[in-house]
Each structure stands twice: as C-alpha cells, then as structure tokens.
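Please view the sequence and the model together.

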Amino acid sequence: MENAGEVIYNLMLPYAKAHPDDYNEANVFARVCLAFDRTEEAMAVFRHLSEVYPRKLDSIYFLAQLYAKQGETQKAIEIYDRLGKEPDLGFRMATLKAQTYLQSGDTTALINEGRKLLAEAPKNVEYNNFMSDVFDAIGMTDSAIYYLDRAAEIDPEDGNVYMRKARIYYNQGDSSKY
C-alpha cells in the first residue's frame, strides 16, 4: 500500500511532466518532492523554473539553498551572482550570498560581500546595517557597533539603527548602553 506522500507525488507527477512551465504547480511539485526525499527531482524542477522564470526568487532560493545544503556552495553563489545582475535584485542576492557563506563557515567571503556593497555606496544606511549584521553574526560585536554608528551618522533619524545597537548591547548584558 502506498503512503500518503507517494499518493500525492503520483497524483501530481503526470501534470508536472506535461506542464513543466506552470510555475505554481511545478513549484508545489518540487516542494512535494523535497518533503518526500526526492531531492534530485526537486532540484531538477527548481533548475528548470530558475531558467524559465529568472526573477521568481522563491524557487531560485530553494535551489541555491539545496546546493548549499549539499555542500555545493559555489553553485549557490553562482546563482546569486547571476541574479544579482538583475535590476533591483543586487542587495537581495548579496544577502542570500551572505547567508550561504555564513552557513558554509566562509567568514572571509562573508565580510568581502559586505565590503563590495559598501564600496558601491558607502553612505547607504542599509549596507552599513548589513555589515553590522555580518559582524554580529560572527561574534565581532565591536565591528558591528562601528557600522551601526556609521549608519546613525548617515541617518540620525533611523530608529532601526538604534534598536539594532540596543539588541547587541542587550545580548552582551550591558544594560548601561541600551
């Protein structure tokens, strides 16, 4: 007797094969494949969707995450680099690349990604916040505070900067600074 996952998979398979460009159905099918340990099949579907729909981030994100999870960090980064050239996607892709570097333990590449952003726009508050997040994630809180101070100098009215700074001090147990 088939289990529920096999039934769902078998019901979806004919449509998925006949209509691989149906984004919504293919995306659901790929997730069903993931849920029932059909990772290679899911990756094939996500690869196809990323080629047909290069600006639909959710399937591309899943593909890159699967590459990263399998230890194929470079393939994940290549996807993010390709998408980062699309208008309005650069910062989002840099963020996803940073997550991938963090997961793989490549702190040098993680920091370099933030430095690239700052080289493009050193007075961008969001990029300074990003660098703060990078350094906070790797436990370098002094550097994280430095970039938050820079962000506050650029936009002293941005309450988010002060909340981030307070969170770091709170996590350090330094009640006199938050």
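Predicted model: local features only at pLDDT ≥ 70, side-chain atom pairs only at ≥ 80, totals over all residues.

Residues are numbered from 1 along each chain as its sequence is written, and side-chain values use heavy atoms, with hydrogens and water left out.

**Overall fold**
- The chain holds ten helices and zero strands, where helices (H or I, at least four residues) and strands (E, at least two) are DSSP runs numbered from the N terminus.
- The C-alpha trace spans about 65 × 35 × 30 Å along its principal axes.

**Burial and surface**
- Of the 178 residues, 39% count as buried, meaning under 20% relative accessible area, with exposed over 50% and partly exposed in between (1.4 Å probe, protein chains only).
- Carbon and sulfur atoms contribute 51% of an accessible surface of about 10,100 Å², computed by the Shrake-Rupley method with a 1.4 Å probe.

**Helix H5**
- Helix H5 covers residues 73-84 and reaches 16 Å from its first C-alpha to its last, close to the 16 Å expected at 1.5 Å a residue (1.5 Å times one less than its number of residues).
- Thr73, Ala76, Ile77, Ile79, Tyr80 and Leu83 of H5 are buried.
- These residues lie on the same side of H5 because they cover an arc of only 155° around the axis, taken from the directions from the helix axis to the C-beta atoms.
- The buried residues of H5 pack against helix H4 (57-69) and helix H6 (90-104), with contact meaning heavy atoms within 4.5 Å.
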